[in-house]
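Work through the exercises below with the coordinates open. Each task is followed by a stepwise solution.

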Amino acid sequence: MAQIGVKELKATASAVIEEVEGGAAFVVTKRGKPAAVLLPIDEAEDLVLANADEYVRMRREARAAYRAGKTTALEDLA
């Protein structure tokens, strides 16, 4: 993931946004340290959903069920 400083981002915001719309992602740095991330909206939505409370709970429950052997084999579903 490319890095861009706040000053450079301010000076080139329109061009950077166009790159992000095209699929690029940037770590925004402030005084050389990571401060934020710019992602295409589809990736940002996936990131938010992957960390949503309900999804995290469901994922934990599914992993616990798998460890306990309480899952169904894929070939049994067909």
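**Exercise 1: positive patch**

Task: find which residues form the positive surface patch.

Solution. Lys7, Lys10, Lys30 and Arg31 form a positive surface patch. The model is predicted: local features need pLDDT of at least 70, side-chain atom pairs count only at pLDDT 80 or more, and totals for chains, interfaces and linings use all residues. Residues are numbered from 1 along each chain as its sequence is written, and side-chain values use heavy atoms, with hydrogens and water left out.

Step 1, the criteria. Patch residues have over 30% relative accessible area and no salt bridge, and like charges are joined within 9 Å. Lys and Arg count as positive, Asp and Glu as negative, while His and the chain ends are not counted. A charge is placed at NZ of Lys, CZ of Arg, CG of Asp or CD of Glu. Areas come from the Shrake-Rupley method with a 1.4 Å probe, only the protein chains shown counting as cover.

Step 2, Lys10. Lys10 sits in helix H1 (residues 6-21); helices (H or I, at least four residues) and strands (E, at least two) are DSSP runs numbered from the N terminus. Lys10 has a relative accessible area of 69% and is therefore exposed (exposed is over 50%, buried under 20%, partly exposed in between).

Step 3, Arg31. Arg31 lies in the loop between S2 and strand S3 (33-38). Its relative accessibility is 81%, so Arg31 counts as exposed. Although not a glycine, Arg31 has a positive phi of about 55 degrees.

**Exercise 2: negative patch**

Task: which residues gather in the patch of negative charge?

Solution. Step 1: the members are Asp42, Glu43, Glu45 and Asp46. Step 2: Asp46 belongs to helix H2 (residues 41-50). Because its relative accessibility is 53%, Asp46 counts as exposed.

**Exercise 3: nonpolar core**

Task: list the residues of the largest nonpolar core.

Solution. Step 1: a core is a set of buried Ala, Val, Leu, Ile, Met, Phe, Trp, Tyr and Cys residues joined through side-chain atoms within 4.5 Å. Step 2: the largest has six residues, Ile4, Leu9, Val16, Val20, Phe26 and Val28.

**Exercise 4: salt bridge**

Task: which residue forms a salt bridge with Arg57?

Solution. Step 1: the criterion is a side-chain nitrogen of Lys or Arg within 4 Å of a carboxyl oxygen of Asp or Glu. Step 2: the structure holds one such bridge. Glu61 pairs with Arg57, the closest N and O atoms being 3.0 Å apart. Step 3: Glu61 and Arg57 are four residues apart in helix H3 (residues 53-67), so about one helical turn separates them.

Technical notes. Patch = residues over 30% accessible without salt bridge, like charges linked within 9 Å, V, L, I, M, F, W, Y side chains within 5 Å. Buried < 20%, exposed > 50% of the residue type's maximum accessible area, 1.4 Å probe, protein only.
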